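Please open the model in a viewer and keep the selection panel at hand.

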Protein chains: 2
Amino acid sequence: MSSTANPNGSRKTKPGLERRVTLADIAAQAGVSLATVSKVLNGRADVSAVTRARVEKLLHGHGYLRRTSSASSGSAQMVELVFHELESEWAIEIIRGVERVTREAGISLILTESGDRHSPGHAWIDGVLRRRPMGVILVFSDLEQQEKHKLRSRGVNFVVVDPADEPEPDVASIGSANWAGGFAAAQHLLALGHRRIGMISGPDDMLCSVARVDGYRSALERAGIGFDATLVRTGDFHVAGGRRGAAQLLDLPEPPTAIFAGSDLQALGVYEAARPRGVRIPEDLSVVGYDDLRIARWVGPPLTTIRQPLTEMAETAARMLIRMNDDPETPVNQRFDLATSLVVRESTAPPQKA
Amino acid sequence: MSSTANPNGSRKTKPGLERRVTLADIAAQAGVSLATVSKVLNGRADVSAVTRARVEKLLHGHGYLRRTSSASSGSAQMVELVFHELESEWAIEIIRGVERVTREAGISLILTESGDRHSPGHAWIDGVLRRRPMGVILVFSDLEQQEKHKLRSRGVNFVVVDPADEPEPDVASIGSANWAGGFAAAQHLLALGHRRIGMISGPDDMLCSVARVDGYRSALERAGIGFDATLVRTGDFHVAGGRRGAAQLLDLPEPPTAIFAGSDLQALGVYEAARPRGVRIPEDLSVVGYDDLRIARWVGPPLTTIRQPLTEMAETAARMLIRMNDDPETPVNQRFDLATSLVVRESTAPPQKA
């Protein structure tokens with residue numbers, strides 16, 4: 001470890017007089033050099049785990065906050081956008097929204113795939129500390145308490161888009177009205193006269209999935225139709241999950257006359273399961289998606305779906321991050337839910353008389 | 001301008017003895033401080049245009065090359081991916097390929113939209129010099145000679161994916177076999193028995209479009225069918241362009257029985273133009289796309305198309321860039337063309353007997 005910096009930068013503070021902790025204080029208390037503290041702050045690898053933990057603990061204990069963001073130091077300004085997966089058409093709608101805002105603001109966009117739905121993990125955090133973006137937009141993922149502190153102590157703000165779990169109260173987030181969307185989807189099918197309505201939900205450890213199922217269930221109950229668990233299957237938000245769930249529902253002794261697919265990609269899976277079974281959409285089976293990806297209007301038949309304003313959600317998240325960076329007084333615990341709406345196309349129709 | 005650095009770092013070189021030019025030499029010859037030269041190198045804004053031009057000219061004249069890439073300085077390694085537009089589903093296939101390679105290599109991915117099809121422009125170049133990526137992947141765009149020199153003098157390598165124009169011989173690029181793809185599309189329709197085959201090309205100032213049209217024309221000529229310019233329309237690679245071109249072709253006194261759409265999105269435009277006219281696909285009209293985006297298999301009917309390995313092209317570009325960075329002896333003038341292939345689905349059939 002380098003010892004070029006003076007480790008004895010600590011000064012005694014008068015009792016009762018608040019003084020902001022300096023890195024020199026941290027170094028002195030940790031018994032390491034200032035250079036070492038700086039390495040920990042910047043996510044450099046050449047510090048032992050024990051030393052790193054000691055320094056992090058002191059930074060946390062003292063509530064150390066980097067005064068200036070990387071923005072003001074003249075280096076390139078960057079926002080980091082973190083997906084757990086880039087696999088789907090869903091991602092491009094989010095990227096487009098964030099990119100539009102960052103470009104206008106002259107900020108670069110870093111794109112990262114984390115591979116984990118709930119938390120981007122430790123390797124990622126170290127990378128962020130090295131890259132020093134002005135802020136991070138997490139899609140789905142929340143952060144562990146310790147990771148949040150690491151980011152905050154370096155002046156890196158963060159916002160969660162479409163949080164998978166209920167975000168902690170100290171985290172800014174942008175979601176959409178999932179419950180209302182699920183309710184509207186089921187309502188539309190009920191209004192057409194359907195009574196046996198299946199649902200393929202997204203992963204049931206994701207909040208947005210659960211809210212959509214609850215909306216669907218409430219609409220059924222309000223129409224006097226009991227919730228039937230055999231009509232609800234769990235997917236993965238992808239085509240394969242929709243295909244699997246629809247195959248199970250269509251092979252029931254008494255299959256549903258309509259399926260609410262939980263995502264547009266799952267709806268495409270329903271289309272794929274229906275085709276080889278000779279089930280015609282919408283004559284034999286009505287299908288409602290969720291998201292309104294651009295592809296929804298091009299599939300055959302064009303898909304009735306719940307529009308989730310993904311691009312607007314992403315734009316809002318990026319703007320919020322820039323505001324938090326420009327004005328440190330901006331509250332970090334804001335939560336926005338944008339509205340969802342029903343888009344009727346050609347995949348839904350009244351059920352045929354039995 | 002700062003004058004803290006010593007502007008007199010130039011030393012006399014013995015005639016005949018080659019010595020690498022230093023920044024101090026450049027500063028002395030330009031009559032500015034070393035700090036100013038450093039600002040120009042790093043794309044900082046606080047240097048007058050005149051000074052900047054003088055320094056750039058000297059850097060160029062001396063063939064100055066930064067010895068170490070940003071990689072070795074311990075800062076975060078980044079690759080920058082530049083699109084002229086993020087609008088389409090096309091982009092996600094490229095992003096996915098680049099991201100896969102950079103993630104494995106522990107490199108961050110910066111995403112930039114330039115808004116211009118042929119060159120990303122001067123504002124972008126200044127941004128890159130500030131961001132200091134290890135390399136740049138340009139989608140479609142080529143660079144002007146001056147921009148290339150700016151990047152090379154800072155040790156920033158670059159690769160062009162799917163070049164819009166014939167790339168200069170000193171530029172690495174990854175394309176695909178566009179001519180062969182156009183030929184295969186027309187061949188497939190000819191083999192089904194079509195004789196009146198329309199085409200909607202992409203923008204005719206883009207090389208890939210021109211090559212596809214030439215392939216189509218050659219297949220027709222080989223089959224003894226003369227090229228008929230009234231059957232060829234120019235689109236924009238998007239749905240709207242396909243819709244417009246198809247509307248014109250379908251409204252001809254003697255419309256074609258098949259259309260080669262030049263891109264999958266244009267093929268969706270053909271679907272949209274056919275629907276209100278009561279033209280059934282493939283019974284009344286066969287349609288062939290180009291790209292094989294994921295959506296091609298989900299549209300109704302599933303689209304016969306020419307598969308262009310976009311994700312593999314992107315992966316190859318990213319790997320090439322990393323190799324150029326790791327080994328400065330790697331030739332920068334490599335050009336790879338990956339193969340295209342016909343994927344037959346349900347949008348093509350023999351023409352109906354008139």
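A residue is termed buried here if 20 or more other C-beta atoms lie within 10 Å of its own, with C-beta atoms placed from the backbone. The model is predicted, and the stops below should be read accordingly.

**Stop 1: helix α11 of chain A**

Select residues 310–326 of chain A, which form helix α11. This helix has 17 residues and reaches 24 Å from its first C-alpha to its last, close to the 24 Å expected at 1.5 Å a residue. By the criterion above, 12 of the 17 residues of α11(A) are buried, so the helix is largely enclosed by the rest of the structure. To display them, pick A:L310, A:M313, A:A314, A:E315, A:T316, A:A317, A:A318, A:M320, A:L321, A:I322, A:M324 and A:N325.

**Stop 2: chain A as a whole**

Now widen the selection to chain A, whose secondary structure comes to 11 helices and 12 strands. Of its 354 residues, 49% count as buried. Among contacts in chain A between residues at least 6 apart in sequence, 70% join residues at least 24 apart.

**Stop 3: the domains of chain A**

Colour chain A by its domain assignment: domain 1 covers 1–64, domain 2 covers 70–176 + 311–337, and domain 3 covers 178–309. Then select domains 2 and 3 of chain A, whose C-alpha centres lie 31 Å apart. Where they meet, 13 residues of domain 2 of chain A are in contact with 11 residues of domain 3 of chain A. Which elements give two or more residues to the domain 2 side of this contact? They are α4 (89–104) and α11 of chain A. By class, that side of domain 2 of chain A divides into four nonpolar, three polar and six charged residues.

**Stop 4: where chain B touches chain A**

Show both chains and select the residues in contact: 24 residues of chain B with 24 residues of chain A. On the side of chain B that touches chain A, two or more residues come from each of α4 (89–104), β2 (108–113) and α5 (122–131) of chain B. The most is given by α4(B), with seven residues. That side of chain B has 13 nonpolar, four polar and seven charged residues.

Next, select residues 108–113 of chain A, strand β2, together with β2(B). The two strands run antiparallel and are joined by three bridges. One pair to pick is A:L109 with B:L111, its bridge partner in β2(B).

**Stop 5: strand β1 of chain B**

Staying with chain B, select residues 78–83, strand β1. β1(B) and β2(B) pair in the parallel sense over six bridges, and B:M78 stands opposite B:S108 in β2(B). Six of the six residues of β1(B) are buried, so this strand is largely enclosed by the rest of the structure. In a regular strand the side chains alternate between the two faces of the sheet. Here B:M78, B:E80 and B:V82 point one way from β1(B), whereas B:V79, B:L81 and B:F83 point the other way.

**Stop 6: the relation between the chains**

The same surface serves both copies, as 100% of the contact residues of chain B recur in chain A.

Conventions. Residues numbered from 1 in each chain as written. Chains lettered and ligands numbered in written order. Predicted model: local features only at pLDDT ≥ 70, side-chain atom pairs only at ≥ 80, totals over all residues. Contact = placed C-beta atoms within 7 Å. Helix = DSSP H or I, 4+ residues; strand = E, 2+ residues; numbered from the N terminus. Nonpolar A, V, L, I, M, F, W, Y, C, P; charged D, E, K, R; others polar. Pairing = 2+ DSSP bridges. Expected span 1.5 Å × (residues − 1). Domains from an automatic or database assignment.
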